Amino acid sequence: MKIQIMGAGALGCLYGYMLSKGGYEVVFVAKGEQYKALEEKGLRITGIEEDEIDVYVTNRPESSDLVFLTVKAYDTMNAAKMLRSVKFDAVCSLQNGVGNEEILARFFENVVGGVTTYGANIAEPGRIVYAGRGRTLIGNYRGEYAEAFYEVLSSSKVNVEVVDDINERIWEKAAINAVINPITAICRVRNGMIAEMQEIWEIAERTAIECEEILSRMGYEIDVRAMVRDVALKTSENRSSMLQDVEKGKKTEVEFINGAFVKMAEKFGINAVYNRILLNLVRGIELGVD
Ligand code: PAF
């Protein structure tokens, strides 16, 4: 079976690596320096596992059986348009943020949503640090392909589960990201500081309460405060993905995280003050200075 990883960044490479080890034929789709490094030197893994493998890498998607989408949320539309030109049975998003599956469902019949707490960072082009073995939840968004992705992931020893309401899990993960990511990016601190420093926790807690209120109006009763504390402590040494983007001067996924909460709040007539402030501050950081 041929599996394509559309967006072979840190997480995409980690999944591609695990699937290659699981015996699947894997196509890594990458761009820029990452594409060059993977083509010339293969993929090197450090951290929880140490390994080096040769990979098949392209800079355009190819036809395959299944596709995992691991691009940044702001690149989903572009990736979907590129994927339209090739053949495959189904696509599974393993991205951060809200709205990716909705975009994919506009183009494709079979869309599986997913969230993951596996941790990986790019150390340099072609080399990733496998930082944490997590859990991956997937579920049907459009069509019935979750079981097919489950087979591929579980046979590659990925810790995976199929859930009934993937939309709830996507919003739950987005709520955790809405608190941890912008605060760590603005304060330039590791995740642990969210729970460890009282002044930061006060803002984190307020933001979490706001997310809980919005989620509750959507019909989801989620203890965001407890989840944020737990994730912040369990990943205390991590630099959040948004902090990493900000440090590299790259665009962040804030529009698909806090932006999504602000938009949803507007629908319910809630003024999402904390999410709006964090969203606008990160937008300011993205603008940077000349
Ligand atoms: O985006 C991230 O960095 C991660 O989703 C999380 C859970 C905040 C851990 O760093």
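Trainee: How many aromatic pairs does the structure hold, and which residues do ring pairs link into a cluster?

Mentor: In this predicted model, the aromatic pairs number 7. Some ring pairs join up into a cluster, and its members are Tyr 15, Phe 68, Tyr 118, Tyr 130 and Phe 149.

Trainee: Is the pair of Phe 68 and Phe 149 stacked or edge-to-face?

Mentor: A pair of aromatic rings is described by the distance of the centres and the angle of the planes. For Phe 68 and Phe 149 the centres are 5.1 Å apart and the planes stand at 75°. Planes over 60 degrees apart count as edge-to-face, so the pair of Phe 68 and Phe 149 is edge-to-face.

Trainee: Which parts of the chain does this pair link, and how many residues apart are they?

Mentor: Phe 68 belongs to strand S6 (residues 66-69), while Phe 149 belongs to helix H5 (residues 146-154).

Trainee: Is Phe 68 buried or exposed?

Mentor: Buried means under 20% relative accessible area. Phe 68 is therefore buried, its relative accessible area being 0%.

Trainee: Which helix gives the most residues to the shell around the ligand?

Mentor: The shell divides into 2 nonpolar, 7 polar and 1 charged residues, and its members include Lys 173, Asn 177 and Asn 191. The greatest contribution, 4 residues, comes from helix H6 (residues 166-187).

Trainee: How far is an oxygen atom of the ligand from an N or O atom in the side chain of Asn 191?

Mentor: A polar side-chain atom of Asn 177 lies 2.9 Å from a ligand oxygen atom, and for Asn 181 the distance is 3.1 Å. For Asn 191 the distance is 2.8 Å.

Terms used:
Residues numbered from 1 in each chain as written. Predicted model: local features only at pLDDT ≥ 70, side-chain atom pairs only at ≥ 80, totals over all residues. Heavy atoms only, no water. Phe/Tyr/Trp six-rings, centres within 6.5 Å; stacked < 30°, edge-to-face > 60°. Helix = DSSP H or I, 4+ residues; strand = E, 2+ residues; numbered from the N terminus. Buried < 20%, exposed > 50% of the residue type's maximum accessible area, 1.4 Å probe, protein only. Near = heavy atom within 4 Å. Polar contact = N/O pair within 3.5 Å; in protein donor to acceptor, adjacent residues only side chain to side chain. Nonpolar A, V, L, I, M, F, W, Y, C, P; charged D, E, K, R; others polar.
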